Amino acid sequence: MDIRFQAGGASKWKADAVISFVFEGEDAEQACSALIQNALWLGIAPAWRDFHGKAGEMTMFYGPRAMEISRVLGVGLGKAEQLDMTAFRYAVGRAMRQCREYDLAGVGLDCASLARVAEKMGVALDVLVREAVVSSLLSLYRYERWMSRKSEHEDPKWLAVMCEGEFVENEVRSAARMAEAEAAGIVLARDLANDPANVTTPSAFADKAREVAAKYGMNFRVLGRAELEAEKMEAYLAVARGSAEEPKMAVIEYAPKGVEGREPVVLVGKGLCFDSGGISLKPAKGMEEMKGDMSGAAAVLGVMEALGQLGGGNAPARPVVGIMACAENMPDGHAARPGDIVVAKNGKSIEIVNTDAEGRLVLADALAWAQENYKAARLIDIATLTGACAVALGLEAAGLFCDDDELASRLHEAGTALGERNWRLPLWTGTSLKALKSPCADMVNAGQREGGAIHAAVFLQQFVKEGQVWAHIDMAAADNAENPINAKGATGFGVRTLLSAVWDKAEDVLQ
Ligand code: BES
Ligand code: MN
Ligand code: ZN
């Protein structure tokens, strides 16, 4: 679906349907003050009798066919003081899905109505435009690649952001462009994670990364088994040993004009294309979900895609490096055994007591490699790392681990504002190192279940150098969802938060 703009007020607007937002108890004049000037019929449309603007309510108002605007989709938002951003996003998502259901080709977004919502919510109009556009695009996402019976309804061809002024304001335009880029990144991440493990293999993932890099003229390289061996990344290699699929660590470097020589932001994603658990095999129930254990790496690639789409017009002031550590964890005669000891790239030895705690092994080496190759302004990793994190925070939040208060609050604020909620958890180094003590190596790879997300984070911390600004996001719970802006399956969680973190200040994200 194309994102367009229409300026000049309602007399210039044209669409098969216009989406307008209505708070509880409002009438047409209040909710659609701009629109009604060129769609007089709206004031007397009979359907208002049974539409009250309650949360979740939605009604199509019809005017005479010959009018430029003859359909208005009224979307109820309930009581203004109870409306939050999630509810707003879902309302937009339901509206867009309804437009698709009705086979409407061109849909308008009434910014006058939106401005009123923004004011009531205490945010700027461009913030709401960004959320509305992103939600529209995400709500229409479907994963139907393998269905022989596709859905009968096609997506609307375009969504027009309809502005009252003579020109489209720059803030609104760049908010919509940002939303488009974010959605493109998320869609890419969702596709990769929804694709099964026999499709998104480590090599296929790396090829996709190469494709993204080539499309936007970014640097690309990939480390296969031989290169990982040469780099002495034994922990990473141990995970892939039981798989017929070669491990691939894909690296994309994006250096916008004028940032040469500046310290990059480095993003590292866990890319387990399938996690069977290895010799410490997982139970059968739900194991298919582990095709999505590469969601961290997918989010990193999604960020690179979004940056590519944004281009020079809105580029960060630093290079951005995306490292996608892909591998497959399988049981086999060559697989790592519980009790095996490996030496990671930074020289620390690890006793693998549980081959299902594989993400941290891959990330340990990827983080060490990242620091040897880049002096990062900030290093952020994202991973579907521990079931314990889901137990701690529920299914709609990620754990955030970060000793740098400034970066931690940036990431927390961003995640909260962007619908990718995260919650800070402690790096209690002392207790976790006790839990990770090994009788025969520097550490084991898995401590006790209690506090498992923290132990995993502290494990990773052992591969981060003193003084390196670093954050770890455990998104194990948030990689799947089903809601009005997320067809059942992968979420693309992390793309928006990480993308926003490549700019040095939150104010710089929208330019
Ligand atoms: N990929 C899993 C974590 C996971 C679980 C992600 C559920 C998404 C949904 C990870 O590799 C894993 O197996 N972690 C173990 C660690 C344990 C063995 C210390 C876990 O959480 O059980
Ligand atoms: Mn595992
Ligand atoms: Zn895993």
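In this predicted model, Ile 19 stands opposite Leu 109 in strand E5.

**Aromatic and cation–ring contacts**

- The structure holds six aromatic pairs.
- One of them is formed by Phe 21 and Phe 88, a tilted pair with 5.3 Å centre to centre and 45 degrees between the planes.
- Phe 21 lies in strand E2 and Phe 88 in helix H2, so this pair ties together parts that are 67 residues apart in sequence.
- Phe 21 is buried, with a relative accessible area of 0%, and Phe 88 also counts as buried at 0% relative accessibility.
- Phe 459 and Phe 463 form another tilted pair, at 5.3 Å centre to centre and with 45 degrees between the planes.
- In that pair, Phe 459 counts as buried at 0% relative accessibility, and Phe 463 counts as buried at 2%.
- Trp 48, Phe 51 and Phe 61 are linked by ring pairs into a cluster.
- Arg 173 lies over the face of Phe 5, at 4.7 Å from the ring centre.

**Helix length and burial**

- H4 has 15 residues and spans 21 Å from its first C-alpha to its last, close to the 21 Å expected at 1.5 Å a residue.
- H4 is mostly covered, with 13 of its 15 residues buried.
- Helix H10 (residues 359–373) likewise has 15 residues and reaches 21 Å between its end C-alpha atoms, close to the expected 21 Å.
- Because 13 of the 15 residues of H10 are buried, H10 is largely enclosed by the rest of the structure.
- Helix H14 (residues 452–461) is mostly covered, ten of its ten residues being buried.
- The buried residues of H14 include His 455, Phe 459 and Gln 461.

- Val 343 is found in strand E11 (residues 341–343) and counts as partly exposed at 36% relative accessibility.
- Leaving aside neighbours within four places in sequence, Val 343 is in contact with Lys 232, Glu 234, Ala 235, Lys 348 and Ser 349.
- Val 343 and Arg 173 are 170 residues apart in sequence, and their C-alpha atoms are 51 Å apart in space.
- Ala 435 is placed in helix H13 (residues 429–435).
- Not counting residues up to four places away in sequence, Ala 435 touches Val 444, Gly 447, Gln 448 and His 455; His 455 is one of the buried residues of H14.

**Positive phi angles**

- Most residues other than glycine have a negative phi.
- Asp 103 has a positive phi of about 60 degrees although it is not a glycine.
- Asp 103 is located in the loop between H2 and E5 and is partly exposed, with a relative accessible area of 47%.
- Lys 232, a residue other than glycine, has a positive phi near 60 degrees.
- Lys 232 lies in the loop between helix H7 (225–230) and helix H8 (234–240), and is exposed, with a relative accessible area of 62%.
- Lys 232 is also among the contacts of Val 343.

Key
Residues are numbered from 1 along each chain as its sequence is written. Chains are lettered from A and ligands numbered from 1 in the order in which they are written. This is a predicted model: local features need pLDDT of at least 70, side-chain atom pairs count only at pLDDT 80 or more; totals for chains, interfaces and linings use all residues. Side-chain values use heavy atoms; hydrogens and water are left out. Two strands pair if DSSP finds at least two bridges between them. Helices (H or I, at least four residues) and strands (E, at least two) are DSSP runs, numbered from the N terminus. Rings of Phe, Tyr and Trp (its six-membered ring) pair if their centres lie within 6.5 Å; planes under 30 degrees apart count as stacked, over 60 as edge-to-face and the rest as tilted. Buried means under 20% relative accessible area, exposed over 50%, partly exposed in between (1.4 Å probe, protein chains only). A charge sits over a ring if NZ of Lys or CZ of Arg is within 6 Å of the ring centre and within 35 degrees of the ring normal. The expected span of a helix is 1.5 Å times one less than its number of residues. Contact means heavy atoms within 4.5 Å.
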